[in-house]
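Visitor: I would like to learn how to read a sheet in a model like this one. Could you take me through it step by step?

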Amino acid sequence: MPASAPVSVRDLPDVGEALAKKLEKLHLHTVWDAALHLPLRYEDETRITAIADAPFNTPCQVQGTVAHCEILFQPRKQLLARIRDASGGEINLRFLHFYPNLVRQLAAGQTVRAIGEIKHGFFGAEMIHPKIRTDTDAPLAESLTPVYPTVAGLAQPTLRRVIAAARARIDDGEVLPEALLAQLKLPPLRQTLERLHRPAPDTAPHLLTDPAFPPRQRLKFDELLAQQLSMRLARHAREQSRARPLHGNGAFGKPFAAALPFALTPAQQRVCAEIRNDLAQARPMRRLLQGDVGSGKTVVAALAALTALEAGDTVQVAVMAPTEILAEQHYHKFHRWFAPLGINTVLLSGRTRKKAKDAAKAGLADGSIRVAVGTHALFQNDMVFCDLGLAIVDEQHRFGVAQRLSLNDKGDNVHQLMMSATPIPRTLAMSFLADLDVSVIDELPPGRTPVRTKLVNCRRRSEVEGMVLHACQHGRQAYWVCPLIEESEALQLQTATETHARLQAALPALNIALIHGRMKAAEKAAVMAAFAAGKTDVLVATTVIEVGVDVPNAALMVIEHAERMGLSQLHQLRGRVGRGAAHSTCVLLFAEPLGEVAKARLKVIYQHTDGFEIARQDLQIRGPGEFLGARQSGAPMLRFADLDSDLHLLEAARQAACELLARHPEAVAAHLARWLGSREAYLQT
Ligand code: ADP
Ligand code: MG
């Protein structure tokens, strides 16, 4: 079956501009979108229950004659009608808002149908705001009535009509191989849609909304399959493109590794080998290096860079970091490591002075500079690399999609290594990052002792100041991180300044420095350098130090208003300590009252130190959409599948995608046309 252009809902009968606009608000653009718009719940209009037998607190439909109807004004204006049927039962129908038309419909002697739940009311059994039908001769519904999610001004009957019309327009013939469906025990698509949109009257209501209901499983599977297929196609397209193979010969890497004061962990060695292997291929590397905070990704990046540099006398490497402070720190490390090997490194950040910048630009353009470290300023339009072979992106989750694309602009054929300490749980990685190769550093360097975490009420701040004094008197250093104030950078600055002043007053024996985002790059660099060199004892900081900062002698981290921060942020901040052999402590100061989410977060960070486990719990607290952030994923979120509970379906979809691509290309095209239809653009990114 060829994949034809999707039919728009506008092509359905009686869908005019106004209705189409409302449908768009529900993201219903194509007839497939509409056919996949599932009910929230169902009403049973297939039978009429005798009033005398009608259950309490359960939706039901009754029919009776109005015995009495009046408008009351006490305690507030309301319409009260009493109906009675042949069973001898009677109930009240009560309306707090009503139109004059309803008063006419409920005039004494009229026969009406009412759908709702019967409750015990002040005047006896009653339905409040039931749905009323006066066409009591109409035949009863043959299936349960779907109630769809909708928007203001779009009534259920209209939406039902559109969805029914859309279903009539789609070809819901089966495109997946029967054997696959049989193996997974999934029903055919046509039957799936029928059972969800028009369930038979005897379908148990709880079953319909149960995620394990086979028709729901089928849709989740189809959705995950579409996602896997599109990822694989994107990946396939990338693998078709060419890049220059970079074969390292160890000329730089060997002396570099030998000069390190430590040996690489087995995990670091493994990922280095994976990267070396990628670089030697004739297609561009797109590898994500994941490793918990402190697992030692920077030396791996350095070795990757050296492999590329070994491969040719002109090859250049760019290293991009999300913050000025981190770029600066990386620059210092790379410069220190690479200069002895005769490799020139420059720093390029948004705040690099014009003269230095011009010199760097010239050096990169003529090839005399081989390594550039910087913020996203590195990839601005006016930057020209003479022979860029490898781009390394640190803390890649901090970069937006646009910035990642601008990197691609510098050459599709450039090998890319992305690094992240925000561990992405396996399910998310499998579904959203399926077009990348992933390497994981799954062990910390030896000799680390886990950071002790303490939760302290902020009223006990002076005790914490005592801890700072104690640590510093024993030759250690401390961070004191000021609260995140999202609404106002100015306010955050003020708090940081005040905290600094207060700590100086409380701890006159210590040398206390302040760092924040508004300082000039040179000032920040000087403050960081002094702290790294052990010249200052305490660094009061805003969250600018959140990622990457590496000062192994710092053993105490105090975080104010920890209840305001997200889990990955807390984990990152805590990861600034525990980098040396000394016992480290992280104090989370919190202020009451604590909300439920804040409580849950603090509990998780208190109980766990493993970044993957924290990320998993974070995912549970926040849900995948927020966890990834639209900014980060750029991918459409899942509507049906739930990555936490549908792992088995995700695995099945992954396997099925492989098989379909190899053996049923026509099914692939047809399936993607249904599921991605108007979102085709996404296939290209
Ligand atoms: P991250 O993965 O968070 O970026 P870093 O690369 O900053 O971690 O490394 C954290 C610290 O661990 C650094 O001080 C680094 O020198 C040190 N380190 C890295 N690898 C090892 C190793 N194999 N043995 C001991 N220390 C190491
Ligand atoms: Mg790092």
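**Reading the sheet**

Guide: Let us begin with one pair of strands: β16 and β21 (residues 585-590) run parallel and are joined by six bridges. Two strands count as paired if DSSP finds at least two bridges between them, and helices (H or I, at least four residues) and strands (E, at least two) are DSSP runs numbered from the N terminus. As an individual example of such a bridge, Arg 452 has Thr 585 in β21 as its partner.

Visitor: What should I know about the model and its numbering before going further?

Guide: This is a predicted model, in which local features need pLDDT of at least 70 and side-chain atom pairs count only at pLDDT 80 or more, while totals for chains, interfaces and linings use all residues. Residues are numbered from 1 along each chain as its sequence is written, chains are lettered from A and ligands numbered from 1 in the order in which they are written, and side-chain values use heavy atoms, with hydrogens and water left out.

Visitor: In what order do the six strands of the open sheet stand?

Guide: Strands of a sheet pair through backbone hydrogen bonds, either parallel or antiparallel. Here the order is β16-β21-β20-β17-β19-β18, with parallel pairing. Because β16 (452-457) and β18 (512-515) stand at the edges with a single partner strand each, one side of each has no neighbour in the sheet. From one strand to the next the twist averages 20°.

Visitor: Which helices pack on the sheet?

Guide: Among them is helix α16 (residues 461-473), which touches β16, β17 (477-481), β19 (538-541), β20 (554-559) and β21, and whose direction makes about 150° with that of β17. Helix α17 (residues 489-506) also packs on the sheet, touching β17, β18 and β19, at about 180° to the direction of β18. Contact means heavy atoms within 4.5 Å, and axes are lines fitted to C-alpha atoms, for helices over the stretch in contact, with angles running from 0 to 180 degrees between N-to-C directions.

Visitor: Is β20 mostly covered or mostly open?

Guide: β20 is mostly covered, since six of its six residues are buried, where buried means under 20% relative accessible area (1.4 Å probe, protein chains only). β20 pairs with β17 over five parallel bridges, with Met 557 as the partner of Tyr 479, and with β21 over four parallel bridges, where Leu 556 stands opposite Thr 585.

Visitor: How many helices and strands are there in the protein?

Guide: The protein has 24 helices and 21 strands, and 52% of its 685 residues are buried.

Key. Buried < 20%, exposed > 50% of the residue type's maximum accessible area, 1.4 Å probe, protein only.
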